[in-house]
Amino acid sequence: METFPPQIKPESWLVSAGRAAEPGAPLNVPLVPASNFLLGAGRSYARDDGTPTWEALEDIIGGLEAGKAVAFASGMAAIAAVFEQLPTGAVVALPDDCYQGVVGLAMAGAERGRWSVQRLPVDDTEGWIRACRVADLIWLESPSNPLLAVADLEAICAAPRKPGAVVAVDNTFATPLNQQPLDFGATVSIQSATKLIGGHSDLLAGVATTRDDALWHALRRSRELTGATPGVLEAFLAVRGARTLALRLQRAQENAMRLAERLARHPLVTCVRYPGLPSHPTHAVAKRLLKGFGTIISFDLRGGAEFADRVCRHVRLIRHATSLGGVESTMERRAAIPGQEHLPPSLLRLSVGIEDADDLWADLDGAIRAAATTDPAR
Ligand SMILES: *Cc1c(COP(=O)(O)O)cnc(C)c1O
């Protein structure tokens with residue numbers, strides 16, 4: 001495993017990590033489609049032992065978080081592997097605002113009697129600190145989806161824990177460039193590499209990173225036994241995406257800040273949630289803990305769900321699509337998604353891409369104006 005040299009910056013590591021050093025070797029990480037390997041050198045079967053392409057992705061992300069990473073078939077596969085470690089009857093603390101797949105997984109396990117789930121507001125730091133003493137899995141997601149609440153990871157990760165308890169942080173929205181959960185003391189940090197790491201909406205992959213050797217082995221074993229292995233092309237594309245992560249993130253979060261400020265002044269917008277805005281309820285924590293405020297904005301519109309749907313139909317440059325973290329901006333009304341009906345009906349989640357900020361604003365403002373002038377009865 002290649003280790004991150006202390007004298008270089010994460011931006012340089014993202015570009016250089018995982019490459020071969022031998023003269024004559026390909027400069028880029030090779031795409032190695034292999035289920036099995038010639039015996040005698042330690043690696044025999046991909047599901048058990050990994051492949052050079054998966055390992056490059058693991059080296060890149062693991063190095064960024066100064067831990068050891070395991071790559072999975074998707075973010076959910078990585079998350080499921082963490083949940084799978086829980087003993088029967090465990091207590092799980094889960095944020096009230098949380099990726100719907102994680103809520104679904106936690107609730108399905110609770111229904112089957114595998115564990116019980118306690119939900120807590122993301123910003124209830126005292127509540128989380130209390131939960132650390134009783135829960136076996138403290139699951140945090142920060143910034144959260146889609147309300148962009150930032151948890152005080154520094155305080156929560158430092159709190160005394162029940163012996164053996166795992167603090168897991170879904171770091172997908174921040175990426176390891178904006179936030180390092182393991183440095184705060186989290187046990188494991190999760191990335192859906194489908195999002196910003198891949199960055200082009202063309203793959204599914206996940207990565208779990210830890211400094212706990214026993215947990216790393218357990219996650220490897222879980223991947224081996226459940227078969228939640230990344231595809232070779234997906235791993236190759238995730239490595240390709242990671243090379244430009246720093247540039248894409250920087251550009252997209254600059255765009256996001258500009259759009260959030262303009263949305264906050266828009267007469268037809270009633271609420272803008274972006275951790276970079278001083279009006280955001282967890283702005284102070286975000287400023288203290290995050291190196292950047294991220295690429296996701298959620299906002300509510302005057303005029304309700306039907307109006308918000310019309311805005312989605314009028315955007316052109318911004319694509320009406322789910323998911324996030326791609327070079328292209330995407331937007332959708334989250335309460336339209338099964339299981340998300342508790343959200344404000346007009347809430348639009350905007351994943352800001354790397355297009356020109358003025359072009360994005362013209363598209364968004366134009367769509368809001370067009371929706372406002374369309375006869376709702378038609
Ligand atoms: C997308 C996402 C996941 C799940 O990742 P997949 O790669 O789709 O399985 C988990 N957490 C967050 C915050 C996400 O945005």
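Guide: A polar contact is a pair of N or O atoms within 3.5 Å; within protein, one must be able to donate a hydrogen and the other to accept it, and residues adjacent in sequence count only if both atoms are side-chain atoms. This is a predicted model, where local features need pLDDT of at least 70, side-chain atom pairs count only at pLDDT 80 or more, and totals for chains, interfaces and linings use all residues. Residues are numbered from 1 along each chain as its sequence is written, and side-chain values use heavy atoms, without hydrogens and water.

Visitor: How many Å separate a polar side-chain atom of Thr194 from an oxygen atom of the ligand?

Guide: A backbone N or O atom of Met76 sits 2.8 Å from an oxygen atom of the ligand. In Lys195, an N or O atom of the side chain is 2.7 Å from a ligand oxygen. For the polar side-chain atom of Thr194, the distance is 2.6 Å.

Visitor: What part of the ligand's accessible area does the protein cover?

Guide: On its own, the ligand has 380 Å² of accessible area, by the Shrake-Rupley method with a 1.4 Å probe. The protein's share of cover is 95%.

Visitor: What is the volume of the largest cavity?

Guide: On a 1 Å grid over the protein atoms alone, a cavity is a set of points where a 1.4 Å probe fits but cannot get out. The structure holds one cavity of 30 Å³ or more, and a volume is the space filled by probe spheres on the points, joined across faces, edges and corners. For the largest cavity, the volume is about 40 Å³.

Visitor: Which charged residue lines the largest cavity?

Guide: The lining includes Leu196, Ala252, Thr295, Val352 and Ile354. It divides into five nonpolar, three polar and one charged.

Visitor: Which element gives the most to the lining of the largest pocket?

Guide: A pocket is an open set with protein on both sides within 12 Å along at least five of seven lines, and lining residues have an atom within 4 Å of a point. The largest pocket has about 410 Å³ of space; of its 20 lining residues, Met1, Pro52, Glu55, Ala56 and Asp59 are the closest to its centre. Helix H3 (52-64), strand S1 (68-72) and helix H10 (213-226) each supply at least two lining residues. With five residues, the most comes from H3.

Visitor: Which element gives the most to the lining of the second largest pocket?

Guide: The second largest pocket has about 270 Å³ of space. Of its 15 lining residues, Pro10, Glu11, Leu177, Asn178 and Lys291 lie nearest the centre. Helix H1 (10-16), helix H8 (175-178) and helix H12 (245-264) give two or more each. With four residues, the most comes from H12.

Definitions and conventions
Ala, Val, Leu, Ile, Met, Phe, Trp, Tyr, Cys and Pro count as nonpolar, Asp, Glu, Lys and Arg as charged, and the others, Gly among them, as polar.
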